[in-house]
Structures are given as structure tokens and as C-alpha cells.
Amino acid sequence: MKVLLTGGAGYIGSHTALELAKNNFEVYIIDNLANSSIEAIFRVEKLTGKKLTFFELDLLEREALNDIFDQNQFDAVIHFAGLKAAAESVAQPLAYYRNNIGGTLNLCAAMGRFGVKNLVFSSSATVYGNPEQLPISEDAPITDAASPYGRTKLMIEKLLSDICAADSTLNVVLLRYFNPGGAHESGDIGEDPNGIPNNLLPYITQCTVGSRKALTVFGDDYPTPDGTCIRDYIHVVDLALGHLAAISKLQQNPGLVTYNLGTGRGSSVLEVIQAFERTNERKVPYVIGLRRPGDVAECYTDPTKAKIELAWQAQRTLEDICRDAWRWQKKNPEGY
Ligand code: NAD
Ligand code: WQD
């Protein structure tokens with residue numbers, strides 16, 4: 001089966017490429033390398049002993065995108081490509097709308113033109129905004145997101161829902177990821193953010209390796225047991241395997257379906273720091289700071305729907321995430 005991964009050189013895409021290749025899928029990748037390195041693809045090839053087909057291309061380049069679809073009959077597409085920094089999107093909304101929405105429009109048009117019917121889309125728990133109820137199930141109300149980035153995810157979900165309503169032969173799985181972390185157990189591929197990391201785990205590993213001074217814990221006065229925010233951290237390899245389960249679901253012609261991918265377990269920022277210190281026997285330098293605008297106190301999934309309908313559930317623990325994230329960072333102190 002030929003699967004195209006847009007954004008497949010990135011963090012989640014490269015881990016998914018590895019699991020697909022291991023399971024004998026033919027993997028094709030389109031990435032403009034805006035937030036990734038081609039080295040990730042070389043390493044996936046080395047780890048799996050399989051060749052991936054890579055096109056360095058921006059999804060906004062419509063004609064070249066159509067040519068790739070014309071020359072390759074893909075069975076399914078996993079659409080990871082997008083800009084993802086929520087805070088940056090507040091400062092640069094147009095860049096986010098242009099890239100994330102524009103790229104998706106071109107991709108859907110190419111799929112329509114060349115008869116590709118199956119799509120998995122990387123959405124985010126950010127679409128739930130400040131949840132009214134915990135744990136969060138897929139039918140929780142979706143009102144608005146906290147950032148232009150989040151709104152691009154909401155808009156793309158709606159766009160995909162509309163094109164599915166207009167064409168009953170299309171199959172789309174929307175995957176709403178919770179908080180991905182960790183790395184492949186080899187330590188050869190992992191998260192390599194540009195500049196200052198926005199996310200907690202890469203910030204912790206960079207502080208521990210010495211490339212950043214100290215982590216600022218964003219607020220300890222939330223209505224949670226230790227006052228710090230609670231999130232559902234999911235190991236990136238479990239997340240990657242969720243995409244293989246989603247591809248199997250597409251083959252059942254489900255129309256449009258949505259799944260949360262998380263563990264169902266919430267951990268506070270201080271619990272993550274403690275788990276990291278315990279697992280790796282390293283101190284994480286940190287200070288308590290002010291709340292970060294837009295953060296919600298708690299966010300974790302009800303994992304039941306994915307478990308029943310995809311026969312998928314996260315297997316790895318927070319300790320696994322901390323151990324594997326640190327192995328990657330130690331082996332690659334400056335990333336790729
Ligand atoms: P990433 O930045 O590592 O990967 C995204 C990839 O897309 C990068 O390699 C980038 O170069 C590429 N890309 C961006 N715009 C492109 C374009 N116009 N044309 C071609 N390639 C383009 O991010 P990730 O963490 O692997 O996230 C993958 C997807 O999952 C994104 O859509 C993101 O919004 C979503 N997501 C991520 C998280 C997270 O915390 N990492 C959580 C929820 C959802
Ligand atoms: C986790 C916790 C912070 C950094 C974001 C996006 C979301 C999704 C996942 C893409 C929070 C705290 C963090 C730091 C800290 N991505 N923190 N100090 O905000 O839950 O979700 O990534 O879709 O859309 O918004 O993840 O890793 O930034 O933060 O105290 O330096 O760690 O306050 O409680 P978040 P995160």
C-alpha cells in the first residue's frame with residue numbers, strides 16, 4: 001500500500017514513517033523542510049532498512065503537487081504538514097492561515113483530481129479549547145480555539161467534513177492528538193524544534209543537556225492538586241502506531257470519523273519534572289513563573305473510542321517518554 005505523508009520529515013511524521021516502513025507500507029514523503037531536516041528521513045531508512053521516496057516541496061506549490069499525484073497512485077495520505085507553534089500564530093496569523101489552510105486546499109484538490117479517497121489528518125486537542133468536562137471525549141463541544149493555529153485545525157476539520165458530506169466515496173480520519181513526547185527507542189530520531197522550544201518536554205531535555213538555563217513552570221496557582229497544569233502526555237511511538245490503526249479504519253470506508261489520541265492519564269508539570277528526574281537520575285533546573293496566556297488548567301482524553309473502534313491504546317508510560325526523550329537529546333545534543 002502506497003502512503004503519502006505530508007510533513008513526513010517532522011517529529012510525528014518521521015516516527016510514523018518508521019512504523020509504516022517497518023510494516024511494509026511504501027512510504028512517500030512531501031516536506032518543505034521548514035521545520036525539519038532531511039537527516040530524519042535518512043535515519044528512518046537506516047533504522048528500517050527500507051527506502052522512502054522523498055519530495056522536497058511546499059504544499060503551496062500546486063502544479064508540482066499535482067505532478068507528484070499524477071506520477072504516483074497513492075492509496076492514502078496522512079496530512080501532517082503545517083505550522084504548529086500556537087504563540088507564533090498569534091503574532092503571524094496570516095502565515096498560519098496561508099500555510100495550513102492553503103496547503104490543505106491544494107492537497108484536497110490534488111486528491112480529488114487524481115482519485116485518492118483516503119485521508120488521515122493531524123488535528124489537535126487544542127480544538128477543545130477550555131474543556132467543560134474531563135476526561136474529554138470526541139463529542140465534547142467544539143466552540144473556539146485559543147489561537148489562530150488552533151483555529152486552522154478547526155477550519156480544516158470543518159473543510160474535511162464538508163467535502164466528505166459532498167462525496168460519499170471519501171474516507172477521512174481526524175486524529176486529535178493530546179501532548180506528544182518522547183522519541184524512538186534507538187535515540188536516532190526525535191523532536192528537534194527550531195529555536196526556543198514551546199513545548200514542555202523538549203524544553204526539559206534542552207535544560208538538562210545544558211543548552212538552556214532553566215525551565216520556567218508557567219504558573220503554580222491553577223486549581224489542580226499541585227497548582228500546575230495537567231496534560232495527557234502520549235509517547236510519539238504510540239501516536240505513530242495510532243496512524244497505522246487509522247489507516248486500517250480507512251479501509252472499512254467509514255466516511256468521516258474522529259478519534260482522540262492520548263493515554264487518558266493526566267500529569268502535572270511538576271509530575272513530569274519529577275518523572276524525568278527519577279527516570280534519568282538528572283536534576284531539571286526550574287523556576288516557578290507566571291501563567292502563560294491561553295493555557296487551560298487541565299486537558300486529558302477519554303481514550304475509549306479509539307480503544308474500541310481502532311483497537312488501539314497507548315502502551316508507553318510517562319517514564320518511557322522521559323527516558324526516550326532524554327536518550328535522543330543526549331545522543332543528539334544539538335538535534336539533527
Ligand atoms: P513538525 O513541525 O515537526 O512537522 C511538520 C512538518 O510539516 C515539518 O517537517 C515541516 O517542515 C512540514 N511543513 C510545514 N508546512 C509545510 C508546507 N506548506 N509544505 C510542506 N511541508 C510543510 O510538527 P509535528 O509535531 O510533527 O506535528 C505534525 C502535525 O501534528 C502538525 O500538523 C501539528 O499541527 C499536529 N500536532 C502536533 C502536536 C505536537 O504537539 N507536536 C500536537 C497536536 C497536533
Ligand atoms: C504543556 C504544559 C505549560 C513549557 C501545545 C499546543 C497544542 C498541541 C500540543 C499542537 C503546560 C507547561 C510548557 C514551558 C511550562 N500542539 N509548560 N513551561 O500547551 O498543552 O499544548 O502543544 O497542536 O495545540 O498548544 O503543550 O508542551 O506547550 O505545555 O510550564 O516552558 O507545560 O504551561 O501546562 P500545550 P506544552
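Begin with asparagine 179, where a polar side-chain atom lies 2.9 Å from an oxygen atom of ligand 2; a polar contact here is a pair of N or O atoms within 3.5 Å. The model is predicted, so that local features need pLDDT of at least 70 and side-chain atom pairs count only at pLDDT 80 or more, while totals for chains, interfaces and linings use all residues. Residues are numbered from 1 along each chain as its sequence is written, chains are lettered from A and ligands numbered from 1 in the order in which they are written, and side-chain values use heavy atoms, with hydrogens and water left out.

Remain at ligand 2 and select threonine 216, which places a polar backbone atom 2.7 Å from a nitrogen atom of the ligand. Arginine 292 brings a polar side-chain atom to 2.8 Å from an oxygen atom of ligand 2. The protein buries 87% of the 680 Å² that ligand 2 exposes when taken alone (accessible areas by the Shrake-Rupley method with a 1.4 Å probe).

Next, display the shell of 18 residues around ligand 2, each with a heavy atom within 4 Å of the ligand. The closest are Ser124, Tyr149, Thr216, Arg231 and Asp295. Strand β8 gives the most to this shell, with four residues; helices (H or I, at least four residues) and strands (E, at least two) are DSSP runs, numbered from the N terminus.

Move to ligand 1, which 27 residues surround, the closest being Asp31, Asn35, Ser36, Phe80 and Tyr149. Select asparagine 35, with a polar side-chain atom 2.7 Å from an oxygen atom of ligand 1, and then asparagine 99, with one 2.8 Å from a nitrogen atom of ligand 1. The protein covers 96% of the 820 Å² of accessible area that ligand 1 has on its own. To the shell around ligand 1, β5 gives the most, with three residues.

Finally, show the strands. Seven of them form an open, parallel sheet in the order β3-β2-β1-β4-β5-β6-β11, where two strands pair if DSSP finds at least two bridges between them. Six bridges join β6 (residues 171-177) to β11, and leucine 175 stands opposite tyrosine 259 in β11. Then select helix α5 (residues 93-113), which packs on the sheet and touches β1 (2-6), β4 (76-79) and β5 (118-124), contact meaning heavy atoms within 4.5 Å.

How values were computed:
Axes fitted to C-alpha atoms, helices over the stretch in contact; angles between N-to-C directions. Polar contact = N/O pair within 3.5 Å; in protein donor to acceptor, adjacent residues only side chain to side chain.
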